[in-house]
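Student: Please go through the helix contacts and the surface of this protein with me.

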Amino acid sequence: MTTQLFLVSIALSCVGAVASLAAKRSEGASKTIGCVFGVGAGVFGLLAGLFSIFTPAELVSVATPFSFANFSMLFNPLAGLLLVLISVLAIAAWIYGLSYFDEYRGKGLGSAGFFMNLFIASMDFVIVSDNAFWFLVFFEMMSLTSYFLVIIEQDQKSIKGGFLYLIMAHVGFLMIMIAFFTMAGITGSFEFSAFRATSFAPGVASLVFVLAFLGFGCKAGMIPFHSWLPQAHPAAPSNVSALMSGGMIKIGVFGILKVGVDLLAASGCALWWGVLVLAFGAVSSVLGVVYALAEHDIKRLLAYHSVENIGIILLGCGVGFIGMAIGQPIVALIGFVAGLYHTLNHAMFKGLLFLGAGSVLYATGTRNMERMGGLARVMPTTAMCFLIGSLAISAIPPLNGFVSEWFTYQSLFNAAFAGDAVIKLAAAFGAVALAITGALAVTCFVKAYGVTFLSAPRSERAASAREVPVAMRISMIALAAVCVVLGLGAPFIAPMFEHIASSMLFVQPAPCVPVSAGLSNVNVGIGSIVSTPLIAVLLIALIALPIVLRAVLGKGGVAHDRDPWACGYVPDGHMPVVATTFASQVRMFLAPLYDMRDALARQSGRFVALFQGAVKGAEAAEGVGDKYLVDAVASFVTWLSRKVQRIESGDFRVYIVYIVVALVLFLCLTVLMK
């Protein structure tokens, strides 16, 4: 059943892609066709993902013309989670695109449906591929189709961002390919099943893990491979940015888990693998939010927060690897639960925030938060949805971001209690990094929401903005609802992640949480969680209490309205705190980190220049063979031909002389030979 649902989803994506391209002369028809088929594909993909999570693993293998590479697909709980994640985002992005894509008329809108459908289909294939050859084929297809979506506007910024993204994608692809080919060379097969069954030597296993970690880390956008995110994500359409930031970079996390937990299962896990992952996660989480805090461009700000949240995910996954290495399955379980839960949570609230940013861009025509303000009055639905996303990404209870970060803290504490001094030090480092990240994330989104939606408008476009069309609002409301459900429903949803993590580790899951425990502090067998429904009830009561007290105790009182105090000045639109002033103190305090980022950005620019120089060098080297081999032979033949032409006088009497001379020479040779 799972395979059939998945294939229907892929078929709808492919038909939608071809039909959208065929109708590209009519951009409206092309847009509608692509979106409708995309929504259909997303629904079937969602069903396939749910079946993969809750039913036994299903392996399908079909022979291909390539004798070395059967077309193998594995549907297991981990693949199912990623299918659900991408399908939910895809459905929201396609519905959103019914109105939002109108902004791209005349800019390649006819091909957007083609590339976006293939982009989603290729991500789905990467997730279920169980053969190294086909995995790499679809991984490359995912990179190329998303590249064409990034450069859809064909302006200088989008082309520059797309080019950097393409380079980093191929750097990562090269490392992943070497890792897979190393395993294939030892096993003699490209099938992942052969990799799982082989116990590689410790040095080989470590080499493969490091290559895969760095390669997939490029796709995930972890530091120091993050420079493409703040350039590529803002350049792409906002619903594509939601898919890339919410979905595609999770393929990087999936790949790290696929190699480290699944393909190298028989080889064991080294302790330093987990410490390495945890260290990269800690650095990425802190630096990601620090760099986001200084941004004025709302989409660049969100792109940097993707770096931050990938870091948080890697913190949980790092604990999972540490638990595997020290033989503590419970520690590993809670670490992977934390990482996987935040993987889904980040996809939902980051998709919501990018759609919200797209709505702001749609209404105001700018991504610069300095030119916004007061949008909550004229765009109430967008403002409310963006607020929910901001609270979720800031880990404010009872929303979903709080739940997965709570699990991450638990995983770090459990690792510290279960491990030796090295593990304690690594866990403490991760916990401190997570605490700093949480504080700065709250600061950043107070800035982002306050400067964008509150206060007075700071530009004419902001003052004249209107709420976005219904289709765009539906998508945002749906993702906001998912964020609320993933938070309030944590006592019931957490066991699903426990089941997924247990299937990865091949251990028995802990007892599930009874539904009756939903309004109390519960234990899910992998650590205590604070009941988010109970927190929600307490927060509602806390908000309602002063309202009730004012209504009861304030009877007979006289309310007075006063103008806001502005130190003796008449308040105007230039007085509110804006993005620049909000982050100025943090930027001054953390100046060395911003200097480091600028240095890394320059290095990435040099890397691009080096790549371009290598291309020019290759073009020059390509001509060396032609110049000294092909051209030399051709020149000699031309010279010889011109010499031979001189004996062709056109006079038949001369030709008779040639014949006579030739006969005389042959007779002389015959006599000499005798």
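Predicted model: local features only at pLDDT ≥ 70, side-chain atom pairs only at ≥ 80, totals over all residues.

Student: How are helix α3 and helix α4 oriented to each other, roughly parallel or roughly antiparallel?

Tutor: The axes of α3 (residues 77-100) and α4 (residues 109-128) come within 9 Å and cross at roughly 170 degrees. Angles over 145 degrees count as roughly antiparallel. The orientation of α3 and α4 is therefore roughly antiparallel.

Student: How many nonpolar residues does the contact of α3 with α4 have?

Tutor: On the α3 side, the contact includes L82, L83, I86 and W94, and these meet residues of α4, among them M116, I120, M123 and I127. The α4 side also includes G113, N117 and D124. By class, the contact has one charged residue, two polar residues and, as the number asked for, twelve nonpolar residues.

Student: Which residues of α17 make the contact with α15?

Tutor: The axes of α15 (residues 380-393) and α17 (residues 421-453) come within 9 Å and cross at roughly 170 degrees, which means that the two helices are roughly antiparallel. From α15, the contact takes T382, A383, F386, L387, S390 and I393; from α17, it takes A441, F445, Y449 and F453.

Student: Which helix gives the largest share of the nonpolar patch on the surface?

Tutor: The patch is formed by M1, V8, V43, F44, L47, L50, F51 and F54, and together these have about 670 Å² of accessible area. One of them, L50, is placed in helix α2. With six residues, the largest share comes from helix α2 (residues 27-54).

Conventions:
Residues numbered from 1 in each chain as written. Heavy atoms only, no water. Axes fitted to C-alpha atoms, helices over the stretch in contact; angles between N-to-C directions. Helix = DSSP H or I, 4+ residues; strand = E, 2+ residues; numbered from the N terminus. Parallel < 35°, antiparallel > 145°, perpendicular 65-115°, else oblique. Contact = heavy atoms within 4.5 Å. Nonpolar A, V, L, I, M, F, W, Y, C, P; charged D, E, K, R; others polar. Patch = residues over 30% accessible without salt bridge, like charges linked within 9 Å, V, L, I, M, F, W, Y side chains within 5 Å. Areas by Shrake-Rupley, 256 points an atom, 1.4 Å probe, with all protein chains shown as cover. Salt bridge = Lys/Arg side-chain N within 4 Å of Asp/Glu carboxyl O.
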